[in-house]
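Thanks for coming. Please have a look at it first.

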Amino acid sequence: MVLAWPVILSRVGILMMTTVDVIVVGRAGADQLAFYVLGYAIYDSLVAMVAGLHLGVPTLVSRTIGAGAPVHAALVWKRGLVSAIVIGSVIALIVQGAPWLFTLLGQDRTLAEGGGEVTALLGMCLPFFGLFLVSAMFLEALEKPLQATLAVLLANVLNLGLSITLVFGIGPIPALGAWGCALATLVTASFLGVGLYCYVFFGLRDRQRYGIGTPTTADADQAVHAPTWREQSRVGLASGVSYGLEAGSFTALTLIAGLLGVIGLAAMGVLFQLFAVTFMISFGIAGATQVRVGNAWGRGSLRDMVWAGWAGFSLSVFCSLVFCALFLLAPRWFLGILTTDEAVLLAAAPVMVWMVAALIADGGQTVLNHACRGRGDSWVPTLAHLVSYWAIMVPLGWVLAVHLGGGPLGLYQAILLSSVFSLFAMAMRFVVLSRRGLPDVAVA
């Protein structure tokens with residue numbers, strides 16, 4: 001809990017910037033809300049992929065700390081920073097063709113143009129969010145997560161002011177609608193990424209203990225070798241593919257929702273914001289779980305590793321149940337925070353019960369997924385995501401929502417079934433890893 005609560009606030013805070021954007025744009029009309037929901041869909045999966053590609057940072061930093069060689073931590077962080085800038089910049093260039101892509105995928109021309117412009121602008125945020133995510137995960141692995149949390153909270157204040165100003169216009173600033181929200185996110189992301197990097201490099205206490213600002217090999221514990229670039233890339237590649245598969249599948253569902261029209265897409269969007277904000281609580285718990293599992297692996301304690309994994313899972317289920325109960329007690333009130341459009345509310349309210357059931361399963365599976373990765377398991381969790389989300393959720397979502405006419409209800413039924421499968425698969429995998437014991441070499 002000590003490690004998890006600031007991580008949870010950080011993860012929720014990141015998503016709250018999007019939620020605030022949806023709340024603001026939701027007051028600008030259903031069409032602007034639909035533009036933003038569609039435009040954000042691809043960007044959201046790309047942020048998840050960038051985060052996953054750099055999951056080797058907390059995995060290897062926590063392992064080096066557990067093994068008593070903290071001086072190697074800076075090397076892992078620096079590699080992550082370079083990778084985040086390069087990958088983020090390349091992707092930002094690619095998504096400038098988003099309007100054409102949406103049209104190719106069968107979206108209405110107006111939706112494709114409006115949503116594509118939002119995606120193109122949001123794509124420019126990726127290098128900055130990459131900087132932030134790498135530094136935030138580095139601090140979390142050092143068990144210093146509060147600084148990243150405070151940075152996110154300040155970023156939310158900045159983003160709120162910019163969003164209101166740019167969406168509706170003030171004085172000489174024209175009303176820019178959904179595109180204005182994307183511009184606010186870009187400005188906020190630049191401050192967030194550069195700011196947290198500067199804190200780690202210049203302001204972190206015990207900087208030299210972790211190898212920051214000193215030659216990589218200075219005072220290194222030669223009894224424990226530094227994690228190699230190959231190992232960091234292996235963990236990151238598997239995680240990036242896994243995160244990309246999961247987030248990309250939800251992007252696919254959003255594109256399917258676009259086939260349902262403006263109201264169906266907007267309803268999917270407001271439901272997903274409630275889903276995603278609450279899921280981020282489990283995602284924060286998952287990050288803390290991964291660090292604890294990695295620490296236990298580094299010091300060779302199988303018992304602590306097993307307890308860390310199942311404690312994180314139990315905490316996730318408990319938190320999800322609390323929020324699910326609140327959502328079911330007042331569904332229209334929570335939906336009303338995000339939109340005042342009556343047609344969107346009528347379409348979204350009946351889906352709430354399926355959404356909360358999916359939330360419990362999806363939160364649990366992500367914690368166990370991170371527990372397996374903290375143990376060094378890379379590709380089995382990725383394979384589980386491939387099967388559950390692309391072999392089950394996406395095709396089933398199209399059948400239930402479009403072919404059978406279930407609309408947003410069918411989409412969340414598909415999410416529930418795929419999440420249950422993933423939960424079962426990851427639980428069994430963690431049991432297998434726990435019975436297998438620990439490898440002979442903790443850090444290689």
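In which helix does T64 lie? T64 lies in helix α3, residues 56–66; helices here are DSSP runs of H or I with at least four residues, and strands are runs of E with at least two, numbered from the N terminus.

Before going on, the ground rules. This is a predicted model, where local features need pLDDT of at least 70, side-chain atom pairs count only at pLDDT 80 or more, and totals for chains, interfaces and linings use all residues. Residues are numbered from 1 along each chain as its sequence is written, and side-chain values use heavy atoms, with hydrogens and water left out.

Back to T64. Is T64 buried or exposed? T64 counts as buried, because its relative accessibility is 0%; buried is under 20% relative accessible area, exposed is over 50%, and partly exposed is in between, with a 1.4 Å probe and protein chains only. A polar atom of the T64 side chain lies 2.7 Å from the backbone oxygen of V61.

Now confidence, given as pLDDT, the predictor's own score for each residue from 0 to 100. The protein chain averages 85, and 96% of the residues score at least 70. Helix α12, residues 302–329, has the highest mean at 93, and helix α10, residues 229–258, the lowest at 79. Over residues 217–223 the pLDDT is below 50, and that stretch has 9 contacts in the model beyond near neighbours in sequence; a contact means heavy atoms within 4.5 Å. Where pLDDT is low, the predicted coordinates should not be read in detail.

In helix α12 we find D304, which is partly exposed at a relative accessible area of 28%. Leaving aside residues up to four places away in sequence, D304 touches A296 and R299. The side chains of D304 and S301 are joined by a polar contact of 3.3 Å. A polar contact is a pair of N or O atoms within 3.5 Å; within protein, one must be able to donate a hydrogen and the other to accept it, and residues adjacent in sequence count only if both atoms are side-chain atoms.

Last, the surface. M1, W5, L9, L146, L150 and L153 form a nonpolar patch. Helices α1 (4–26) and α8 (146–168) each give two or more residues to the patch, and α8 gives the most, with 3. L150 lies in α8 and is partly exposed, at 47%.

Conventions:
Patch = residues over 30% accessible without salt bridge, like charges linked within 9 Å, V, L, I, M, F, W, Y side chains within 5 Å. Areas by Shrake-Rupley, 256 points an atom, 1.4 Å probe, with all protein chains shown as cover. Salt bridge = Lys/Arg side-chain N within 4 Å of Asp/Glu carboxyl O.
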